[in-house]
Amino acid sequence: IYDFTVRDFADNSNDWEIGKIKDYFASNTGLGLSVTDSLQYGFYYKKLTAPADTTSFPKDTTIYINYTGRLLNGLVFDTTDERTAKDNGIYSASKKYTPISIKWAEKYDEITMSGSKPIKGFALTLWQMRAFEKGVGIFYSPLGYSYSGSGKSIPGYSPLIFEIEIVKKPED
């Protein structure tokens, strides 16, 4: 026999997640984000630094990025930055903390990241970006890992935040 307490209830999980994102915006006003920044239902993008060039990348261009992925509660679950990994207890000596390659495509859902397709919200965030821009994408779980989550760090129905910066190609 189990005792449990219902803490929250929603008729629609997507609307519930959008509510969580709105709460995040309200409590993080310093980011300058608002629900009016929505580019499509459940996806928000904010430019943090201006790009060096405002033209889109041509198809088959390879760009390099650094990124940090977080849950709305601030928990970092992935990063390409070694210091961020160490500071958040997710450092692995077997991982290389260097910029990763992105192969540009004609459509956002055809972009590849180190040879594989990123989740839709990550690709949409990249699609907004231009040369050497830094930005943040926040999106609900249908654009991320949906009801299943990912591993131990990302529960199902989790809106995600990705801060991404386009950087120069790393030297070998």
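Is Phe132 buried, partly exposed or exposed? Phe132 is partly exposed, with a relative accessible area of 41%. The model is predicted. Phe132 lies in the loop between helix H3 (120-128) and S7. Its backbone deserves a look too. Phi of Phe132 is near 60 degrees, a positive value in a residue that is not glycine. Most residues other than glycine have a negative phi.

Asp60 is another case. Asp60 has a positive phi of about 70 degrees, and Asp60 is not a glycine either. Look for Asp60 in the loop between S2 and strand S3 (62-71). Asp60 counts as partly exposed because its relative accessibility is 49%.

Now go to the start of the chain. Phe9 is found in the segment before helix H1 (13-27). With 64% relative accessibility, Phe9 counts as exposed.

Next comes H1 itself. H1 has 15 residues, and at 1.5 Å a residue they should span 21 Å. The end C-alpha atoms of H1 are 21 Å apart, so the helix agrees with that expectation. Which residues of H1 are buried? They are Glu17, Ile18, Ile21, Tyr24 and Phe25. Viewed down the axis of H1, these buried residues fall within an arc of 110 degrees, so they line one face of the helix. The general rule behind such a pattern is simple. An α-helix has 3.6 residues a turn, so residues three or four places apart point the same way. On the other side of H1, Ala26 and Ser27 are exposed. What do the buried residues of H1 pack against? Their partners are strand S2 (43-49), strand S7 (134-139) and strand S8 (160-167).

Tyr157 lies in the loop between S7 and S8. Tyr157 counts as partly exposed, because its relative accessibility is 40%. Beyond its neighbours within four places in sequence, Tyr157 is in contact with Ser13, Trp16 and Glu17, as well as with Ser141, Ser146 and Tyr147. Glu17 is also one of the buried residues of H1. Compare the position of Tyr157 with that of Val136. The two are 21 residues apart in sequence, and their C-alpha atoms are 20 Å apart in space.

Turn to the charged pairs. How many salt bridges does the structure hold? It holds five. One of them joins Lys59 and Glu106, with the closest N and O atoms 3.7 Å apart. Lys59 lies in the loop between S2 and S3, and Glu106 in the loop between strand S5 (100-103) and strand S6 (112-113), so the pair ties together parts that are 47 residues apart in sequence. The partners do not fall in one exposure class. Lys59 is partly exposed at 49% relative accessible area, whereas Glu106 is exposed at 55%.

Lys95 and Asp78 form another salt bridge, at 2.8 Å from N to O. This pair links distant parts of the chain, 17 residues apart. Lys95 sits in the loop between helix H2 (82-87) and S5, and Asp78 in strand S4 (residues 76-79). Lys95 is partly exposed, with a relative accessible area of 31%. Asp78 also counts as partly exposed, at 21% relative accessibility. The cut-off matters here: buried means under 20%.

The side chains of Lys86 and Glu82 meet in a salt bridge, 2.9 Å from N to O. Both residues lie in helix H2, four residues apart, about one turn of the helix. Lys86 is partly exposed at 38% relative accessible area, and Glu82 is partly exposed at 34%.

Thr68 is found in strand S3. Is Thr68 buried or exposed? Thr68 is buried, with a relative accessible area of 11%. Thr68 and Asp78 are ten residues apart in sequence, yet their C-alpha atoms are 5.8 Å apart in space. Asp78 is one of the contacts of Thr68.

Methods:
Residues are numbered from 1 along each chain as its sequence is written. This is a predicted model: local features need pLDDT of at least 70, side-chain atom pairs count only at pLDDT 80 or more; totals for chains, interfaces and linings use all residues. Side-chain values use heavy atoms; hydrogens and water are left out. Helices (H or I, at least four residues) and strands (E, at least two) are DSSP runs, numbered from the N terminus. Buried means under 20% relative accessible area, exposed over 50%, partly exposed in between (1.4 Å probe, protein chains only). The expected span of a helix is 1.5 Å times one less than its number of residues. The arc is that of the directions from the helix axis to the C-beta atoms. Contact means heavy atoms within 4.5 Å. A salt bridge is a side-chain nitrogen of Lys or Arg within 4 Å of a carboxyl oxygen of Asp or Glu.
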